[in-house]
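Here is a short report on helix packing and nonpolar cores. Please look at the structure first.

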Amino acid sequence: MKMTQWINTRTPEELDRDARQLFDDHFGTKPAGVWAAPGRVNVIGDHVDYAGGVSIPFALTQMTALAVRLRSDQRVRIISQAPGAIDPLSFEMELSEVGPKHPDNWAGYVVGVLWAGQQSGIWPNCPGMDIAIVSDVPVGSGLSSSAALECAIAVAAFELTHGHAPSQEERGQLVPVCMRAENDVVGASTGGLDQRASLFGVAGKALVIDFHADTVTLVPFDLAAQDMVLLVADTNAPHALNDGQYASRRGIIDEVSLALVGEGKTLREIAAEQALSQADAWAIEQGLDASIVRRRLQHVVEETQRTLKAAEALQDADMAAFRQYMQESHESLRDLYEVVTEELESAFQAAGRFGARMTGGGFGGSVIVLLPESEVEDTVAQISRAAADAGFPECSFLLAVPGDGARRLS
Ligand code: GLA
């Protein structure tokens with residue numbers, strides 16, 4: 001019998017120590033400080049952030065930590081120890097060379113934020129930096145390792161250039177900076193859910209994010225009080241959000257919104273039925289497959305309505321209703337939005353469907369299961385067995401608990 005793989009989670013103190021050690025080993029000196037930001041799990045409301053919808057994520061206790069020191073020139077040097085990797089990766093670049101699609105690798109999430117903050121005037125004269133990165137947020141698992149990296153460098157750069165940590169309002173200004181790095185430099189047209197969760201997370205709380213009203217409301221997410229837990233099963237079938245699949249889904253929704261409600265407005269401005277019927281006519285006029293357009297739009301409209309109802313269920317501590325919405329959300333992402341892979345579906349079915357769903361962008365990544373603590377062991381075994389029987393990669397697991405957002409560790 002194989003042992004279940006549980007995802008490694010260090011305490012903030014351990015991450016801080018390891019980031020400092022890596023910095024010292026590589027650069028031979030001490031950093032000015034260590035900053036960290038969490039990954040996130042999205043409990044419900046996927047593929048609606050870029051359409052003015054509603055999502056309920058929370059920040060994980062798994063974090064990415066960066067030991068940082070400013071330089072007197074414009075050079076950025078990075079050493080990064082990714083989770084599970086044997087050797088650290090290193091990278092160097094002049095800040096003046098950063099721009100759209102450049103660099104075209106993982107380092108774009110870091111130097112892209114420095115570039116975007118410069119461009120938007122938040123740190124106009126940002127100097128170069130030496131940066132050592134350690135992380136417990138698994139890469140390609142749908143848990144936003146990219147946002148963790150972006151938000152950690154954003155709070156570090158903010159504090160090092162302003163002399164104080166960002167206020168709540170200033171955190172809000174860091175959201176578009178991190179998004180710009182991801183959209184323009186990395187080339188993933190993502191919608192801002194992940195960065196808000198990583199910057200505004202609070203221990204013990206989930207976030208109800210309304211992308212139309214641009215508000216973040218904290219709600220208690222105390223599963224332990226109900227003897228429940230949120231299990232994450234990473235299918236280890238990696239996903240990438242800059243390979244065209246995500247952009248193709250978003251592209252349709254952007255075009256329909258523009259045609260139906262106009263520039264700068266969201267689909268929430270019109271009634272669901274009106275949106276769906278007008279979209280049919282629009283698709284035919286454009287020579288598009290009307291049934292595909294309708295399915296995509298139906299997901300967005302219904303997922304938003306479902307997430308609003310899920311937020312109410314959470315307020316009322318009605319976990320049975322909440323678990324039903326999770327299942328319906330997964331089915332919609334599978335049947336209407338078509339972002340669920342075979343590996344995700346296998347985990348969803350093996351978990352018993354009720355209270356289970358894929359999380360994040362899809363096309364690989366993780367399934368989450370909200371379930372009584374007493375059922376964890378069996379559910380883990382069932383998911384693992386189903387993956388093995390189908391010849392899929394072995395899954396790894398963690399129990400997700402709401403943690404605090406991006407901050408200085410030391
Ligand atoms: C990814 C993106 C987010 C969001 C989710 C799906 O995580 O980065 O902006 O669109 O997918 O909800």
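This is a predicted model: local features need pLDDT of at least 70, side-chain atom pairs count only at pLDDT 80 or more; totals for chains, interfaces and linings use all residues.

Residues are numbered from 1 along each chain as its sequence is written, and side-chain values use heavy atoms, without hydrogens or water.

**Helix pairs**

Helices are DSSP runs (H or I, at least four residues), numbered from the N terminus. Axes are lines fitted to C-alpha atoms over the stretch in contact, with angles from 0 to 180 degrees between N-to-C directions.

| Pair | Axes come within | Crossing angle |
|---|---|---|
| α10 (residues 342-350) and α11 (residues 376-390) | 8 Å | roughly 140 degrees |
| α9 (residues 319-335) and α10 | 12 Å | roughly 155 degrees |

α9 is therefore roughly antiparallel to α10 (angles over 145 degrees). Q327, H330, E331 and R334 of α9 contact L344, E345, F348 and Q349 of α10 (heavy atoms within 4.5 Å). This contact has two nonpolar, three polar and three charged residues.

S346, A347 and A350 of α10 meet Q382, I383, A386 and A387 of α11. Here the contact residues are five nonpolar, two polar and no charged. Ala, Val, Leu, Ile, Met, Phe, Trp, Tyr, Cys and Pro count as nonpolar, Asp, Glu, Lys and Arg as charged, and the others, Gly among them, as polar.

**Cores**

A nonpolar core joins buried Ala, Val, Leu, Ile, Met, Phe, Trp, Tyr and Cys residues through side-chain atoms within 4.5 Å; buried means under 20% relative accessible area (1.4 Å probe, protein chains only). The largest has 48 residues, and I78, W123 and I131 have the most contacts inside it. Helix α3 (residues 145-162) gives the most to this core, nine residues. Apart from it lies another core of 45 residues, including Y50 and Y246.

Conventions: Helices (H or I, at least four residues) and strands (E, at least two) are DSSP runs, numbered from the N terminus. Buried means under 20% relative accessible area, exposed over 50%, partly exposed in between (1.4 Å probe, protein chains only). Angles under 35 degrees count as roughly parallel, over 145 as roughly antiparallel, 65 to 115 as roughly perpendicular and the rest as oblique.
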